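Subject: Structure handover

Hello,

Here is the structure for your files. My notes on what was found follow below it.

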Amino acid sequence: MTLGGIAGLIAAIAFAVLVVFICLNLSKLSKIMEDIQKTVQHVNSTIDVVTKDVDNLSIEVEGLLNKANTLVDDVNGKLGKTDPLFTAIGDLGVTVSDLNESTKDMASNLVHGVQKKRKNPIDRFVKTAKGFTKTKDYVNPTEVADSTTEDSAALTQLQKELESLAKNSPSKTAGEITIK
């Protein structure tokens, strides 16, 4: 074997090793490409399923939004119908307050008018009580003579009670209703 033959043999062996190495790598590359192709197919099928699910969800969400909008419109319409009710209730409160004020003024004017006619309520009571004793005289004169001292003591007691009541001032908030 000559030097040229040995060089050819080395070149042939190197070429054979290179071909084997390339074949092994190509075989691995083909396996990788098959795995990539399977993965891409799986991703595509998953994307199709997700797309269908998203489409179904978007249809359902759209229906729910339409129902919610209808419900909100219905509630707004019904609230609009209750506005006059609350306005009327507010007006009623103002009217009741005005009525209370008028009644208070009327009672005050009535009390002041009565006080102007009869300056002392005790005098009025005494006159009324005297009227009762006069009617007793008509009923039975003997009973009147016996009960005159009792009647005068009772009148004195009532007069004291009326004087103590007349000294007390009425409550300033009695009968008032305040609506805000």
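This is a predicted model: local features need pLDDT of at least 70, side-chain atom pairs count only at pLDDT 80 or more; totals for chains, interfaces and linings use all residues.

Fold. The protein chain has 3 helices and 0 strands, and its pattern along the sequence is α-α-α. Of the 180 residues in the chain, 3% are buried.

Confidence. The mean pLDDT of the protein chain is 79, and 67% of the residues reach 70 or more. Among the elements, helix α1 has the highest mean pLDDT, at 90, while helix α2, covering residues 121-139, has the lowest, at 57. Across residues 135-142 the pLDDT is below 50. That stretch makes 4 contacts in the model beyond near neighbours in sequence.

Surface. A nonpolar patch on the surface is formed by F15, L18, V19, F21, I22, L26, L29, I32, M33, I36 and V40. Together these residues have about 1000 Å² of accessible area. One of them, L26, lies in helix α1, which runs over residues 3-117.

Salt bridge. How many salt bridges does the structure hold? The count is 1. The side chains involved are those of D74 and K78, at 3.4 Å from N to O. Both residues belong to helix α1, and they sit 4 residues apart, about one turn of the helix.

Regards

Methods
Residues are numbered from 1 along each chain as its sequence is written. Side-chain values use heavy atoms; hydrogens and water are left out. Helices (H or I, at least four residues) and strands (E, at least two) are DSSP runs, numbered from the N terminus. Buried means under 20% relative accessible area, exposed over 50%, partly exposed in between (1.4 Å probe, protein chains only). Patches are made of residues with over 30% relative accessible area and no salt bridge: like charges are joined within 9 Å, nonpolar side chains (Val, Leu, Ile, Met, Phe, Trp, Tyr) within 5 Å. Accessible areas come from the Shrake-Rupley method with a 1.4 Å probe; for residues, only the protein chains shown count as cover. A salt bridge is a side-chain nitrogen of Lys or Arg within 4 Å of a carboxyl oxygen of Asp or Glu. pLDDT is the predictor's confidence in each residue, from 0 to 100. Contact means heavy atoms within 4.5 Å.
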